[in-house]
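Trainee: Please take me through this model feature by feature, with the general idea ahead of the particular case.

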Amino acid sequence: MTHNRLAKMLFNDDSDDEFHLLATMIEEEEMANEDRTPHRPGSIPGHAVIRCDRVQGNDRLYREYFADTPTFGPRLFRRRFRMNRPLFFRIQHAVEAYDPYFVQIRDACGALGLSSIQKISAAFRMLAYGVPADSVDEYVRIGESTAIESLKKFVKAITAVFGNEYLRSPNNSDIARLLEINSDRGFPGMLRSIDCMHWKWKNWPVAWQGMYSGHIHEPTIILEAVASYDLWIWHAFFGLPGSLNDINVLERFTVFKDLAEGRGPHINYSINGHEYTMGYYLADGIYSSWSTFVKTLSSPQGNKNKHFAACQESARKDVEQAFGVLQSRFAIVRGPTRFLGSRNT
């Protein structure tokens, strides 16, 4: 319809029929547009809602792993959840008591929401296998965004509930036990081993690429840790740019702050007739020549020096073994980190 005809219809009193025709055409066009617009339920326009049957997913998960006679026995449970069932239940109860997010409730329509088993299982699957969040929805029946939210809340709850026990500095009893065992290994006065590892960063900001790229030639984040023979990580320092080396990281590491201020643990031991009152850590050759570090010999000469270098490198593998077990048990650490962004550094 041309503009002249439209103007004539609007200003001509005798054009009622044409005006009604125009109104009918507009109404039909609006109806056609509505037909072309997909109608999907949900509070977000155009957002698709998938009816994944959360109750059925919870029942299947319970029957196959958590029932009195589950489909998959204890061996497969430990393999897939990286722990036995009693430990899983202990974590489940502790997390539920700490954060109401993991308590199963009903929504406004009276339908049951996701159970704590579903949320925690989704978190464990992502931690254990390093898989994306949308890969657990087919079995656990949990959405991608909910799986990510569950993982973040889960790790925060674990840190808050178990941090005082498992993320603490060694006490006097721990130090005495470590000294006794390390003395039997041929290193009296040895406390622990120290080293660092690089964790690749997938979603790194482009402007930070140079700062976080080092000898690996990819953006990485450094984890500096101190571990003992039993793979217990006593100290961890995480988040430094991958362009730093062990020496740069050591200058920012707080584990030796008390020692530098004269507040270290009181230790007494004797080596070759000399008395010492300060413990030491086994480290590789790049670390600074501090009195608290015992490093290997780069080019040992003679049987005595070769034997010492072999023993030192063997005992120093405690922290590297801890890194290896951590990556093998929880594949999310072995692959590039995806959740870390510029706001989290």
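Mentor: Helices (H or I, at least four residues) and strands (E, at least two) are DSSP runs, numbered from the N terminus. The model is a predicted one, in which local features need pLDDT of at least 70 and side-chain atom pairs count only at pLDDT 80 or more, while totals for chains, interfaces and linings use all residues. Residues are numbered from 1 along each chain as its sequence is written, and side-chain values use heavy atoms, with hydrogens and water left out.

Trainee: What does E320 form with K317?

Mentor: A salt bridge, meaning a side-chain nitrogen of Lys or Arg within 4 Å of a carboxyl oxygen of Asp or Glu. The closest N and O atoms of E320 and K317 are 3.2 Å apart. By this rule the structure has seven salt bridges.

Trainee: Is E320 buried, exposed or partly exposed?

Mentor: Buried means under 20% relative accessible area and exposed over 50%, with partly exposed in between (1.4 Å probe, protein chains only). E320 has 30% and is therefore partly exposed; K317, at 38%, is also partly exposed.

Trainee: Which parts of the chain does the salt bridge of R185 and D318 tie together?

Mentor: The closest N and O atoms of that pair are 3.0 Å apart. R185 is partly exposed at 33%, but D318 is buried at 5%.

Trainee: With which residue does D230 form a salt bridge?

Mentor: With R177, at 3.6 Å between the closest N and O atoms. This pair links distant parts of the chain: D230 is in the loop between β2 and β3, R177 is in helix α9 (residues 172-184), and 53 residues separate them. Both count as partly exposed, D230 at 31% and R177 at 29%.

Trainee: Now the sheet. What is the order of its strands?

Mentor: Strands of a sheet pair through backbone hydrogen bonds, either parallel or antiparallel. Two strands count as paired if DSSP finds at least two bridges between them. Here five strands make an open sheet in the order β3-β2-β1-β6-β7, with mixed pairing. Its edge strands are β3 and β7 (293-295), each pairing on one side only. Neighbouring strands are turned by 25° against each other on average, direction ignored.

Trainee: Which strands does α13 touch?

Mentor: Contact means heavy atoms within 4.5 Å; axes are lines fitted to C-alpha atoms, for helices over the stretch in contact, with angles from 0 to 180 degrees between N-to-C directions. α9 lies across β1 and β3, at about 95° to β1. α13 packs on the sheet and touches β1, β2, β3, β6 and β7, its direction making about 50° with that of β1.

Trainee: How many residues has the largest nonpolar core?

Mentor: In soluble globular proteins, nonpolar side chains tend to be buried together. A nonpolar core is a set of buried Ala, Val, Leu, Ile, Met, Phe, Trp, Tyr and Cys residues joined through side-chain atoms within 4.5 Å. The largest has 38 residues, and F66, F81, F88, F124 and F154 have the most contacts inside it. Its largest share, seven residues, comes from α6. Beyond its neighbours within four places in sequence, F154 is in contact with I91, V95, F102, I120, A123, F124 and L127. Another core lies apart from this one, with 20 residues, including F187, F253, I267 and Y280.
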